[in-house]
Amino acid sequence: MDSKAFVDFKKKIVDNISKVIVGKEDVIELLVVSFISGGHVLLEDIPGVGKTMLVKAFAKTIGVPFKRIQFTPDLLPSDLTGINYYNQRINDFQFREGPLFTNIILADEINRATPRTQSSLLEAMEENQITIDGETRKLNIPFMVLATQNPVETYGTFPLPEAQLDRFFMRIKMGYPSREDEKEIIVRNSQPNIIDTIDCVVEKDEIEYVMRNFRLVKVSDDVANYIIDIVEMTRKDGKIELGVSPRGAIALYKACQCWAAINGRDFAIPEDVKKMAPYVLNHRIIPRGISKMEDMIETINEILTKAKVPLEEM
């Protein structure tokens, strides 16, 4: 495994997107980890902090087809997946592809769609395929859903069910920029169409290489057991009603491999687990009486302080 290829891949993407998104290098790195892992990301934050701009910049940076879907209560599953319609000219049914047949999907305000429409994403996000009228159709590779939602406004929204949340690799909060960063944002956005100032900076073979080889990162038995300890603690903690699923454990394992790779290592360490766990696990637990993302992250961090780090026993 060429560790330098992963480091260069990350640096190109972070540097390019940072021309548009100011002061969010850590969030961009998390997007890179999710993309390499083949995962999906839920960006949960208040309006106006740059969620949509970040997704647009990311898609343009990696140079893959991108579609935006504005989720509304009247959106139907067929509006996403496509539909078989009768074409009188050819005297037969013909399939019209929906917007899911692309590489990067921006699911804007995903919690404004009905549960029926939200559930139409389950098969696509988990298996990279959709089934219409009994026929299964494969989606493009890579395929990534980047969804946004506003955690403050509840009027006219439908909360994502646990099964849907579990399909997301990470849930990330961008947060307000610092004073200096906000000033820079104002200055940069004084020019029209700032998104047009960036171009694709990675090649197709680079994307294929990192997505194919991140699994070569070695994870020792000690680090793997550390991951399992954390996951089991979420299931036994009295403050948590529903703990992390096996899918969550797999996601954390893969995230640690990717984080190690983009930081120039071909082996994972406990610090990788500590770094990734709050983002990979925060939406996979249901704490008793808690609904805010910040509180869920704090709950995961509390568990991390209790779990024994492998190196501490040496």
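Predicted model: local features only at pLDDT ≥ 70, side-chain atom pairs only at ≥ 80, totals over all residues.

Visitor: Which residues of α3 are buried?

Guide: First, the general idea. An α-helix has 3.6 residues a turn, so residues three or four places apart point the same way. In α3, the buried residues are Lys-51, Leu-54, Val-55, Ala-57, Phe-58, Ala-59, Thr-61 and Ile-62. Just after the helix, look at Gly-63, where phi is positive, at about 70 degrees.

Visitor: What does Phe-58 touch?

Guide: Setting aside neighbours within four places in sequence, Phe-58 has contacts with Ile-13, Ile-17, Leu-31, Phe-35, Ile-104, Met-144 and Leu-146. The largest nonpolar core has 72 residues, and Phe-58 and Ile-104 are the ones that touch the most other members. Helix α11 (residues 246–262) contributes the most to this core, with 10 residues. There is also a second, separate core of 24 residues, including Leu-80, Leu-100, Ile-130 and Val-145.

Visitor: Now a strand. Are the faces of β1 covered or open?

Guide: For a strand, check each side in turn. In β1 (residues 41–44), Val-41 and Leu-43 lie on one side, Leu-42 and Glu-44 on the other, and all are buried, so both faces are covered.

Visitor: Which strands pair with β1?

Guide: One partner is β8 (residues 144–149), parallel to β1 over four bridges; here Leu-43 stands opposite Thr-148. Another is β9 (residues 170–172), also running parallel to β1, with three bridges. In that pairing, Leu-42 has Arg-171 as its bridge partner.

Visitor: Last one: why does Asp-272 count as buried?

Guide: Compare the relative accessibility with the cut-off: buried means under 20%. Asp-272 is at 2%, so this residue counts as buried. You will find Asp-272 in helix α12 (residues 270–281).

Visitor: And what surrounds the Asp-272 side chain?

Guide: A polar atom of that side chain lies 2.9 Å from the backbone nitrogen of Ile-269. Beyond the neighbours within four places in sequence, Asp-272 is in contact with Cys-256, Trp-259, Ala-260, Arg-265 and Phe-267.

How values were computed
Residues numbered from 1 in each chain as written. Heavy atoms only, no water. Helix = DSSP H or I, 4+ residues; strand = E, 2+ residues; numbered from the N terminus. Buried < 20%, exposed > 50% of the residue type's maximum accessible area, 1.4 Å probe, protein only. Polar contact = N/O pair within 3.5 Å; in protein donor to acceptor, adjacent residues only side chain to side chain. Contact = heavy atoms within 4.5 Å. Pairing = 2+ DSSP bridges. Core = buried A, V, L, I, M, F, W, Y, C linked by side-chain atoms within 4.5 Å.
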